[in-house]
Amino acid sequence: MRGVVLAAGQGQRLRPDTDNLPKTLLPVDGDTTILDIALRNLAAAGVTDASVVVGYAAEAIEARVDAMSKRYNLPVHLIHNDRVDWNNAYSLWHARYVYADGALLVNGDTVHPDSVEKLLLSASQEGILLATDSVKTLTDEAMKLQCDDDGVVGLVTKQMPVASAYGEYIGVARLDASIADDLTAALEATWRDDPNLYYEDAFQRLAPSGRMHAVPIGDVEWVEVDDHADLAVAREVACRC
């Protein structure tokens, strides 16, 4: 199993902190950045290597990648996204040769403990496995999931009434090799339809196949860093990860 971290976005809601840095390099625990936590978690889960999809302010990650690779004893490779103004369906499509062998996918703006990656690796389901928070109170902004009684995901979208949702996808997933070709086709169809769409929109295209599963993570602290309020929470959560 390999690792993929998506870190190409501009982080506009975090300016001026992201004027010259991608948000994945914002510090959350001393000198430890969001990207450090992602790579540390992947290393703890035992992945063979990690690929980071970079775009905005890529040179800042390039300057640190060798040190991070040594720090976590993890080969780290960079994949360059040439359209930082497009959304992350295009970024994940760039990593198609990595997840072809099966991969753990981590959004580069998510702070969480390594128990999430380890749980996904130990799960018995096959296909696309979504780390899911079914405990916290949902918001309209959450990437919400609707599932059947067996945890098979039928709907993944922010545009779902909170009352109809099972839980929130936290931005960490297991992509099995068995679904890789179909995922690549779905991602390409998604960004060609609209480059502003998310990779979860490609996941939704695959939902009718019954190969997407919610994996509950339990009562785990985590945060997706979109704005300065989230960053403040991340700095509280990171020291306990």
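This is a predicted model: local features need pLDDT of at least 70, side-chain atom pairs count only at pLDDT 80 or more; totals for chains, interfaces and linings use all residues.
Leaving aside residues up to four places away in sequence, Leu129 is in contact with Leu120, Ala123, Val172, Ala173, Arg174, Asp176, His213 and Val215. Leu39 lies 90 residues from Leu129 in sequence, and the C-alpha atoms of the two are 19 Å apart.

Strand β9 (residues 144-147) pairs with strand β10 (residues 153-157) in the antiparallel sense, over 4 bridges. Within this pairing, Gln146 has Leu155 of β10 as its bridge partner. The two strands form a hairpin with 5 residues between them, and Gly151 in the turn has a positive phi of about 80°.

Strand β9 also pairs with β11, again in the antiparallel sense, over 2 bridges. Here Lys144 has Glu168 of β11 as its bridge partner.

## The largest pocket

The largest pocket holds about 1,000 Å³ of space. It is lined by 42 residues, of which Lys23, Asp109, Tyr198, Glu224 and Asp226 are the closest to its centre. Two or more lining residues come from each of β1 (2-7), α4 (88-94), β11 (167-175) and β13 (223-224).

Strand β11 gives the largest share of this lining, with 4 residues. Sorted by class, the lining of the largest pocket comprises 13 nonpolar, 15 polar and 14 charged residues.

Definitions and conventions:
Residues are numbered from 1 along each chain as its sequence is written. Side-chain values use heavy atoms; hydrogens and water are left out. Contact means heavy atoms within 4.5 Å. On a 1 Å grid over the protein atoms alone, a cavity is a set of points where a 1.4 Å probe fits but cannot get out, and a pocket is an open set with protein on both sides within 12 Å along at least five of seven lines; lining residues have an atom within 4 Å of a point. Grid points are joined across faces, edges and corners, and a volume is the space filled by probe spheres set on the points. Ala, Val, Leu, Ile, Met, Phe, Trp, Tyr, Cys and Pro count as nonpolar, Asp, Glu, Lys and Arg as charged, and the others, Gly among them, as polar. Two strands pair if DSSP finds at least two bridges between them.
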